Amino acid sequence: MKTNILFFAFVTALFPAMGNAATTCSKANLTRCLDSACAINISSNPAARCQYCGTASAGTPPTKKGMQSISVGTSSKNTLTEKELKSAPSDPGERYVWATSQCIAKLGGTCTTDDVADTYDKLIEQSCKAAGVTAQRDSARASLKKTVSSTSCKTDITACLIADKKCGADYSACEDDTVFNNYFSACSVEAVGCDQHLSSIREGLIAARNDAVKNADVLLAGIVKSYQDKRNAKLNAAKKGCENDNARDLCIETICQNNMKNKCAIGFESEKSAAVQLCKFYDTACNTLK
């Protein structure tokens, strides 16, 4: 059943939406459907499920009509017909994947890949024991890992991690280690066959996260400093203008030249007095800055 488990992982990925089926799955109908592809002549051959949908190590089914459905002539809506079985792969693992997809569809989506695993895996394992073959799930997983490169795993996990609904391209949503770890774990589960690369990939992505956060902090600090420098420059200029009433005197002179008919000349003290009153706010401002 090594090949079976290996391919079953891909079935789960192919049918993610079926994991939320709203209608109760009939385990009896599911078993009947899978048996029509995997348990042909089971009464005379206890190893049939293992041979058809478990592992090639169990040997070839002892019949020339090995791909024929047990439902031929029964016309059951819950079994695969001889015509449908003509498309079934001969490799046990691929046949199990094919039968799973066919039966989920035939039962109207009421069953999920989890239902298939819960209902049928133990039957295949029992059949494999009858054939003298023990299913080795760990070995199957190890074989799967070898087929996925570190580069491919890193690409998939990174794309998943920096999605808008997770960390984001700038990692701004994952500054907190707990949040980062939760998203990384979720993305790791989706990256089938990458277990042996996860540690190094995680280290690399944490470093990328730290650099992104640090660069963002540096940029923000630069912006803040720029505003602080501008504010301090204006404050220093204002204080300098208060020295010896320079800013107030310049204000009075400007008003006299631009707004007074006689330019506040001698004999027109009323104009000068009006200009002084208009520029009095400088006295209040400078007293505040002292």
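Predicted model: local features only at pLDDT ≥ 70, side-chain atom pairs only at ≥ 80, totals over all residues.

Trainee: Okay, what span does helix α2 reach from its first C-alpha to its last?
Mentor: Helix α2, residues 27–38, has 12 residues and reaches 16 Å, which is close to the 16 Å expected at 1.5 Å a residue.

Trainee: And which residues of α2 are buried?
Mentor: They are Leu30, Thr31, Cys33, Leu34, Asp35, Ser36, Ala37 and Cys38, and what covers them includes α3 (48–53), α4 (82–85), α5 (92–106) and α6 (113–130).

Trainee: Which cysteine is joined to Cys38 by a disulfide?
Mentor: Cys53 is the partner, with an S to S distance of 1.9 Å, and the link is left-handed, with -75° about the S-S bond. Because Cys38 lies in helix α2 and Cys53 in helix α3, the pair ties together parts that are 15 residues apart in sequence. Both cysteines, Cys38 and Cys53, are buried.

Trainee: Switching to rings, how many aromatic pairs does the structure hold?
Mentor: The structure holds 3 aromatic pairs. In one of them, Phe180 and Phe184 have ring centres 6.2 Å apart and planes at 10°, so this pair is stacked. These two residues are 4 residues apart in helix α9 (residues 177–190), and are therefore separated by about one helical turn.

Trainee: Is Phe180 buried or exposed, and what lies over its face?
Mentor: Phe180 counts as buried because its relative accessibility is 1%, and Phe184 counts as buried at 6%. Arg209 lies over the face of Phe180, at 5.2 Å from the ring centre.

Trainee: What about Phe281 and Tyr282, how is that pair arranged?
Mentor: Phe281 and Tyr282 form a tilted pair, 4.4 Å centre to centre with 35° between the planes. Phe281 is partly exposed, with a relative accessible area of 48%, and Tyr282 also counts as partly exposed, at 26%.

Trainee: Back to cysteines, how many disulfides does the count come to?
Mentor: The count comes to 10 disulfides, and one of them joins Cys242 to Cys286 with an S to S distance of 1.9 Å. That link is left-handed, with -85° about the S-S bond. Since Cys242 lies in helix α10 (residues 198–242) and Cys286 in helix α13 (residues 281–289), the pair ties together parts that are 44 residues apart in sequence.

Trainee: And what does Cys251 join to?
Mentor: Cys251 is joined to Cys279, S to S 2.0 Å, in a link that is left-handed with -80° about the S-S bond. Cys251 lies in helix α11 (residues 246–259) and Cys279 in the loop between α12 (269–278) and α13, so the pair ties together parts that are 28 residues apart in sequence.

Methods:
Residues numbered from 1 in each chain as written. Heavy atoms only, no water. Expected span 1.5 Å × (residues − 1). Buried < 20%, exposed > 50% of the residue type's maximum accessible area, 1.4 Å probe, protein only. Contact = heavy atoms within 4.5 Å. Phe/Tyr/Trp six-rings, centres within 6.5 Å; stacked < 30°, edge-to-face > 60°. Lys NZ or Arg CZ within 6 Å of the ring centre and 35° of its normal. Disulfide = S-S within 2.5 Å.
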